[in-house]
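This briefing is meant to be read alongside the sequence and the coordinates. It takes up the ligand, a pocket and aromatic packing in turn.

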Amino acid sequence: MEAVLGRRSRPRLTEPAPDDAELLDLVGAALTAPDHARLAPWRLVTLRGEDREALGARFAASTGGDRAARDRAAGKPLRAPLLVTVVFCPKDHAKVPEWEQLASAAAAVHTLLLLLHGNGWGAIWRTGHLTEDRAVRRLLGVEDGERLLGWLYVGTPAGTVPPRPNAAPGPRVRPFRHLRTEDAPTKETHA
Ligand SMILES: Cc1cc2nc3c(=O)[nH]c(=O)nc-3n(C[C@H](O)[C@H](O)[C@H](O)COP(=O)(O)O)c2cc1C
């Protein structure tokens, strides 16, 4: 419960970030997320140090605009010491449609966010229009048929964030017996 209720997205992140060995451990654990037919239809591309600057330069070139806009874009990947690019790689499968595979990928990403939090790291999932940019995709090696799902910005949390207000689950959950009985299938139609 603590990992789920205590996790918050952390927009302000500093050094250090988990090293490759720790990240690999966590990613291995995230592979336990629900995944129909165990297709694991996702892969991750990590960027640290100067790699983030290369991505920032690409962001700037793809964003265009005036100098200030390009500088802002260039600085985006520098907001955390580690960027984990999430790439969705749907597979052709007779029983598992693409939407289920996207659900698996999102479940794995959330599991990874929980595991990072559990190990004391901060993270935030960010996307934006540059996930659709061809040059950004090319730089990161995203193939045709794959989809760039954004980046997990990861590092040591800085500053504070308020706890997330408790959501009221009530209206989202209804026992079946509360449904209107006249809409339930009859014996004849349910044959
Ligand atoms: C697929 C996806 C993409 C997101 N993209 C962004 C983004 O580009 N920028 C941003 O500030 N938050 C983005 N968010 C929201 C944050 O990751 C975060 O969930 C939100 O700020 C709520 O914070 P919390 O996780 O602490 O509740 C995205 C969330 C998801 C699931």
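The points below are grouped by topic, and they describe a predicted model.

**Ligand surroundings**

- The shell around the ligand is made up of Arg 7, Arg 8 and Ser 9, together with Ile 124, Trp 125, Arg 126 and Thr 127, and also Arg 164.
- Sorted by class, the residues of this shell comprise four charged, two polar and two nonpolar ones.

**Polar contacts and cover of the ligand**

- In the case of Arg 164, an N or O atom of the side chain is 2.4 Å from an oxygen atom of the ligand.

**Largest pocket**

- The largest pocket, with a volume of about 250 Å³, is lined by Val 4, Leu 5, Arg 7, His 110, Arg 164, Pro 165, Asn 166 and Ala 167.
- Its lining divides into four nonpolar, two polar and two charged residues.
- Arg 7 and Arg 164 belong to this lining and are also among the residues that surround the ligand.

**Aromatic pair**

- The count of aromatic pairs comes to one.
- The pair is formed by Phe 59 and Trp 151, whose ring centres are 5.3 Å apart and whose planes stand at 75°, so the arrangement is edge-to-face, given that angles over 60 degrees are classed in this way.
- Phe 59 lies in helix H3 (residues 50-63) and Trp 151 in strand S5 (residues 147-157), so that the pair links distant parts of the chain, 92 residues apart.

Methods
Residues numbered from 1 in each chain as written. Predicted model: local features only at pLDDT ≥ 70, side-chain atom pairs only at ≥ 80, totals over all residues. Heavy atoms only, no water. Near = heavy atom within 4 Å. Polar contact = N/O pair within 3.5 Å; in protein donor to acceptor, adjacent residues only side chain to side chain. Nonpolar A, V, L, I, M, F, W, Y, C, P; charged D, E, K, R; others polar. 1 Å grid on protein atoms, 1.4 Å probe; cavity = no way out; pocket = protein on both sides within 12 Å on 5 of 7 lines; lining within 4 Å. Points joined across faces, edges and corners; volume = space filled by probe spheres on them. Phe/Tyr/Trp six-rings, centres within 6.5 Å; stacked < 30°, edge-to-face > 60°. Helix = DSSP H or I, 4+ residues; strand = E, 2+ residues; numbered from the N terminus.
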